[in-house]
Amino acid sequence: MSKVSFPQTRPVDFAIIGSGSAGGILARELSTAGFDVVLFEQGPYRQAGDFSHDEYSVLFNDELLGGGPKSSGETFRQTEDQVATTPRMAAIRYAQTVGGSSVHFSANFWRFRELDFKERSLLGPMSGTNFTDWPITYADLEPYYTRVEWEVGVSGAPGPNDAWRSKPFPMPPLPIKSSGVLLEKAANKLGLNAQWEPHAILSQPFNGRAGCIKCGHCMYFGCEVGAKSSTLASMIPEAEASGHCEIRAESAVFRIETGPDGRASEVLYYDRDGKAQGQKARAVIVSANGAETPRLLLMSASERHPDGLGNSSGFVGRNLMFNAHAAVDGVFEEPLNEYRSVQVSKVIHDFYATDEARGFYGGGGIDARALWSATPIFHALVGMPPDIRSWGREFKDAITNNFTRQMTLACASTSIAMDRNNITLDPHSKDRWGRPALRTTYLDHDDDLAMANFLADRSEELMDAAGARKYWRHPVVPTDGGEHLLGTCRMGDDPKTSVIDRYHRSHDVPNLFLCDGSSFVTSGRGQPTMTIMALAFRAAEHIKIAAQNNQI
Amino acid sequence: MAFTSEVSRRTFLHSTAVAAALSLLRQGSPALAALASSAQAAMTADTGFTTLSANEAADIDAITARILPTTDTPGAREAGVVHFFDRALAQELSDALPPLRAFIDHLNSGLDGQRFASLNPLQQDELLILNQQDERFELCRVMTLFGFFAMPSYGGNRDHVGWELIGFKGHQGAWAPPFGYYDAHYPQGSGTDE
């Protein structure tokens, strides 16, 4: 395949910033339609063969994360009256590599449901929040969920609680694990439903790609055989093969320049040597994730856009949602060997909808998974019960016995959009390129913590019903960061309370589009990537038509 | 909590020295693996140390052997964890060397000229229990786990002794069902086409 490369001074049709779940799909859709695309990625262009099972490097040396807080300079605080400081561990966690976080995610892959798009109408307002409906419905997005399943590659089987679908899954679910059997047994006892977990991982060969070999290194690792349906494995090769897409890796965008007409005209970036460069473009799409997309818009302020590009609403960076989480660990008599195969095989969705009888807003899922019993260092550092000493014979006996006999019931749930949770530019700290660092301000809503605790309570009951010899719960506390980066440039029909329209176009700048987790209006129940990808297919279709009709 | 938050919350406490080591570790160097493999050649059992003095190495070896003791199964000593320390303290964890040296001095300071390594295991445990809230002990503990379980190319986990102990067959790259006891006994048996 001969790789195309575009001159910087002649405008390309589209500059797409970010090569992850959304950017990879937009690049494939637009380039295969014949548009010239430059796809920017600040991380390197790793291929499947570059990924390893080196836990020390991947989990503890941030091999895929771009160097951690020292290099990003990022800061965190819970509330605006605090001074944000640089944390030990990144608050904003995403992969810097071609394919973005779709490379290192666990690939749990839930669709949203009808209620996720209209919950404000169903439940009424919540004071002190920006809880509102999406401008689109499940029916609007369903065809694109189906396209993700069939074009990116998703394994699964329908469950009793799923939303309707227009087409079956293209391939069966990944095989059941011991954790899935135990969850199902417990669910049956308690009158709940344990259904198959869908994955963006191939259970069998598909579209010329290999099926999963069950090596067990999904979470945080890149897939060495390309069976994980990252955009690196699925979409980006097709974009490159079109002859219309250049992947410009190790290129960190620091500004979107606008012309005298107020339109986006050029993307300014640092190349791998740290030298400032520019790429002219007819239109710009930002898919840099729910933290980096608002940061870039805020960094692109100008006289005409004094509060940041596309930010006349003041909503750029606001409404950050991480999803809430809880976890209950349990040890069983016989080996589960959860370190083999994918993280999850069964999930309970009986608590998906908000139940007003609970007394708080929210919903979520409980799955059974390896979590910190997938790799040894993580297990020894985090997976031990709190009632044993953390060193010595007792500790050694516990890790020796438990590593193969332990599983976690992992709970993922809602976050509510609020002004107080946001991404801003840190006034003091800079990243390694000299760009103003990300500043995250985040304190979970009480209902988010209540929902996580509710799911942890249910998980304890499930552990008991599953016959765990011993189980313990990790306390639910306000989070210090997250991987799900949602809501910070929300879509909506009203330019005063949203950043983009229902087709992902900036309300303020006609040739600027934003598409990634930042577009979300609500958080969903905890696995956002499927919806990010479906939004990208939908956005691409509308952008393509607009471009073909000269309406950009 | 996001799941990864648990690492910082449960292990690294609020400790400046550990934070320095952790942030250095997380800052990382893309060539970490390469550095490690080149260092491995010089790191066969019980050869000399390049970063640590013989006394320091003996004390660290003794500390790691209390964290993961040799019982009827191998512990930190058999895994050569002290060699992980010796290599990492010159490379990705060099910020941890001063606090670690200070901790060894601190342990030895009340021993009337003896060294930690020369105490018997019961005395060693007593001394470590007195110091187990010390952030520098936590640094030793975390590094011991790294050295016991990281790939052998980083200096410890000799012959995969750490992985073997807990039943992690990490060198096998692929698996097929059944994976464990409970799915082997799955009543419905054929939930998938596997």
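I shall begin with the conventions, then turn to the backbone, and end with the strand.

This is a predicted model, in which local features need pLDDT of at least 70, side-chain atom pairs count only at pLDDT 80 or more, and totals for chains, interfaces and linings use all residues. Residues are numbered from 1 along each chain as its sequence is written, while chains are lettered from A and ligands numbered from 1 in the order in which they are written.

Most peptide bonds are trans, and most residues other than glycine have a negative phi. Between B:Pro177 and B:Pro178, however, the peptide bond is cis, with omega about 0°. B:Pro178 sits in the loop between α10 (161–166) and α11 (181–184) of chain B; helices (H or I, at least four residues) and strands (E, at least two) are DSSP runs, numbered from the N terminus.

A:Tyr220, not a glycine, has a positive phi of about 80°. A:Tyr220 counts as buried because 23 C-beta neighbours lie inside 10 Å; the cut-offs are 20 or more other C-beta atoms within 10 Å for buried, 12 or fewer for exposed, and partly exposed in between, with C-beta atoms placed from the backbone. B:Asp112 also has a positive phi, of about 50°, but is exposed, with 6 other C-beta atoms within 10 Å.

Finally, in strand β11 (residues 364–369) of chain A, six of six residues are buried. Strand β10 (residues 344–348) of chain A is joined to β11(A) by three bridges, antiparallel, and A:Val344 has A:Arg369 as its bridge partner. Six bridges, again antiparallel, join β11(A) to strand β12 (residues 406–413) of chain A.

How values were computed. Two strands pair if DSSP finds at least two bridges between them.
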